[in-house]
Amino acid sequence: MYRSGEFVASHVSPTTGEQVQPNGVDLTLDVVFEQLEPGRITKADKEIGDRVARPLEQLEQKDPDSYYLPAGSYVVRYSERIRIPNGHIGFVYPRSSLMRNSCMLNTAVWDAGYEGRGEGLLQVHHDIELERGARIAQLVFAKAEHESTYDGSYQGENL
Ligand SMILES: O=c1ccn([C@H]2C[C@H](O)[C@@H](COP(=O)(O)OP(=O)(O)OP(=O)(O)O)O2)c(=O)[nH]1
């Protein structure tokens, strides 16, 4: 069973009323990264390739607090601190307006016990302007059984 937006909001901070949806909470854009170097995943370990934060637009005629993203792949960090409560699993979906603008967020599993400011893969299939702090995704919680809680390398990230 999926939980209400109000329940999800009690595990996401900060949130404004505008972010609380019937079935989840909208997440906002903090930082856009571009990956520069290859990563590495082996049987025993993993490494995240070097990346650089993309600068906010400096051009005079454009909004200085926005990203102007040409088609490509980016890693985005959400602004909100998220805690996945025991007995739950989290999923993030793109905001439909992002998808309707030919962009997509690819996401993975949010484990029970995780806490941090997580990331997603933003695929830009057509140039888009994204204001820093704009709502781009939605987090939902489903009830889930588990015997342990998250204890991986991303615990407490970006806090
Ligand atoms: O789209 C997502 C999905 C998950 N997470 C967070 C929550 C999740 O609990 C954590 C770790 O994800 P995962 O378990 O998939 O990471 P891993 O690659 O297996 O690394 P580790 O074993 O260090 O956890 O990352 C995100 O930031 N973005």
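Analyst: By class, the lining of the largest pocket comprises 10 nonpolar, 7 polar and 7 charged residues (Ala, Val, Leu, Ile, Met, Phe, Trp, Tyr, Cys and Pro count as nonpolar, Asp, Glu, Lys and Arg as charged, and the others, Gly among them, as polar). The model is predicted: local features need pLDDT of at least 70 and side-chain atom pairs count only at pLDDT 80 or more, while totals for chains, interfaces and linings use all residues. Residues are numbered from 1 along each chain as its sequence is written, and side-chain values use heavy atoms, with hydrogens and water left out.

The lining consists of 24 residues, and Ala108, Glu119, Gly120, Tyr154 and Glu157 lie nearest the centre of the pocket. A pocket is an open set of points on a 1 Å grid over the protein atoms alone, where a 1.4 Å probe fits, with protein on both sides within 12 Å along at least five of seven lines; lining residues have an atom within 4 Å of a point. The space in the largest pocket is about 690 Å³, a volume being the space filled by probe spheres set on the points, which are joined across faces, edges and corners.

Strand 4 (40-41), strand 5 (46-47) and strand 13 (119-124) each give at least two residues to this lining; strands are DSSP runs (E, at least two residues), numbered from the N terminus. Strand 13 supplies the largest share, 3 residues.

Glu119, one of the residues nearest the pocket centre, also forms a salt bridge with Arg51, with the closest N and O atoms 2.9 Å apart. A salt bridge is a side-chain nitrogen of Lys or Arg within 4 Å of a carboxyl oxygen of Asp or Glu. This pair links distant parts of the chain, since Glu119 is in strand 13 and Arg51 in strand 6, 68 residues apart. Glu119 is partly exposed at 26% relative accessible area, and Arg51 is likewise partly exposed at 30% (buried means under 20%, exposed over 50%, partly exposed in between, with a 1.4 Å probe and protein chains only).

The whole structure holds 8 salt bridges. In one of them, Asp30 meets Arg132, with the closest N and O atoms 2.6 Å apart. Asp30 is buried, at 9% relative accessible area, whereas Arg132 is partly exposed at 35%. Arg54 and Glu34 form another salt bridge, at 3.1 Å between the closest N and O atoms.

Technical notes: Helix = DSSP H or I, 4+ residues; strand = E, 2+ residues; numbered from the N terminus.
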